[in-house]
Amino acid sequence: MTTSQGQIPGMEAGGHDALATTLHSIARFLRTVRLRSSILLACLVTSGILGALYYVTAPRIYQSNASLYVMKVGSGITEESMRGASDPSRAMPTFRTLMSCERVMQLTLERLSDRFKTQFEGLTEAEAAAAIQASLAVSFEFNTNILDVRYRSKDPKAAAAVLAALFSAYGSF
């Protein structure tokens, strides 16, 4: 059994009823917003105050970034270099691991100026090295020879000093 367009309720005017329903729904929504405007305003003010309070009281964390270009030095024209096996980008995971290994962290701590060691007061040397390692992030992009190193600290000068000491320690390692 089929019905014609004329027999379906609400379709007599060719779809104008759907537009009227949509407009009626929008009008009801706007009326509800107007009636509840005090609740909406209170929520907006409360969230603004809480956001400002968090911004003022949150501890500042500074990040220092540096990049290290890794290249193979001293390889001649050998069978290994002809096959592409000497490409440093293949060894980037190893360089990343070495950059954040425990011995390099200890050397970094030794090379760090006394002025910046105050953030590690009360920690043993192993705990301080672990703290440096926890705030350190070493990454690289696939098929590149560049290590991206980031260190986070509450003191911006300490973050830069730790990275400088880290690169010095890594170079001598």
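Two residues are in contact when heavy atoms of theirs lie within 4.5 Å. With that idea in hand, take S139: leaving out residues up to four places away in sequence, S139 touches R96, I146, L147, D148 and R150. Before going on, please note that this is a predicted model, in which local features need pLDDT of at least 70 and side-chain atom pairs count only at pLDDT 80 or more, while totals for chains, interfaces and linings use all residues. Residues are numbered from 1 along each chain as its sequence is written, and side-chain values use heavy atoms, with hydrogens and water left out.

Let us stay with S139 for a moment. S139 sits in strand β2; strands here are DSSP runs of E with at least two residues, helices are runs of H or I with at least four residues, and both are numbered from the N terminus. S139 is partly exposed, with a relative accessible area of 24%. That label covers the range between buried (under 20% relative accessible area) and exposed (over 50%), using a 1.4 Å probe and protein chains only. The side chain of S139 also makes a polar contact with the side chain of R150, at 3.4 Å. A polar contact is a pair of N or O atoms within 3.5 Å; within protein, one must be able to donate a hydrogen and the other to accept it, and residues adjacent in sequence count only if both atoms are side-chain atoms. Along the chain, S139 and M92 are 47 residues apart, yet their C-alpha atoms are 9.0 Å apart in space.

Now step back to the whole chain. It holds 7 helices and 3 strands, and from the N terminus on they run α-α-β-α-α-α-α-β-β-α. Of the 173 residues in the chain, 22% are buried. Among contacts between residues at least 6 apart in sequence, 67% join residues at least 24 apart. The chain exposes about 12,400 Å², and carbon and sulfur atoms supply 59% of that area. Such accessible areas come from the Shrake-Rupley method with a 1.4 Å probe; for residues, only the protein chains shown count as cover.

What lies inside? A nonpolar core is a set of buried Ala, Val, Leu, Ile, Met, Phe, Trp, Tyr and Cys residues joined through side-chain atoms within 4.5 Å. The largest one here has 28 residues, and L136, Y151 and L166 have the most contacts inside it. Two or more residues of this core come from each of α4 (92-99), α5 (102-111), α6 (125-134), β2 (136-140), β3 (146-153) and α7 (156-172). The biggest share is from α7, with 9 residues. As for L136, beyond residues up to four places away in sequence, its contacts are M99, S100, M105, V149, R150, Y151, L163 and L166.

Not counting residues up to four places away in sequence, V104 touches L98, M99, L166, A169, Y170 and F173. V104 and Y170 are 66 residues apart in sequence, while their C-alpha atoms are 6.0 Å apart. Leaving aside neighbours within four places in sequence, T108 is in contact with I132, V162, A165, L166 and A169.

Next, look at the surface. In helix α1 (residues 16-35) you will find L30, which counts as exposed at 52% relative accessibility. L19, L23, I26, F29 and L30 form a nonpolar surface patch with about 530 Å² of accessible area together. To join such a patch, a residue needs over 30% relative accessible area and no salt bridge; nonpolar side chains (Val, Leu, Ile, Met, Phe, Trp, Tyr) are joined within 5 Å, and like charges within 9 Å.

Side chains of opposite charge can pair when their charged atoms come close. A salt bridge is a side-chain nitrogen of Lys or Arg within 4 Å of a carboxyl oxygen of Asp or Glu. How many salt bridges does a search of the whole structure find? The search finds 1. The side chains of D114 and K117 meet in a salt bridge at 3.9 Å, N to O. D114 is exposed at 62% relative accessibility, whereas K117 is partly exposed at 27%.

Finally, visit the loop between β2 and β3, where N143 lies. Most residues other than glycine have a negative phi. N143 is not a glycine, but has a positive phi of about 65°. N143 is also exposed, at 55% relative accessibility.
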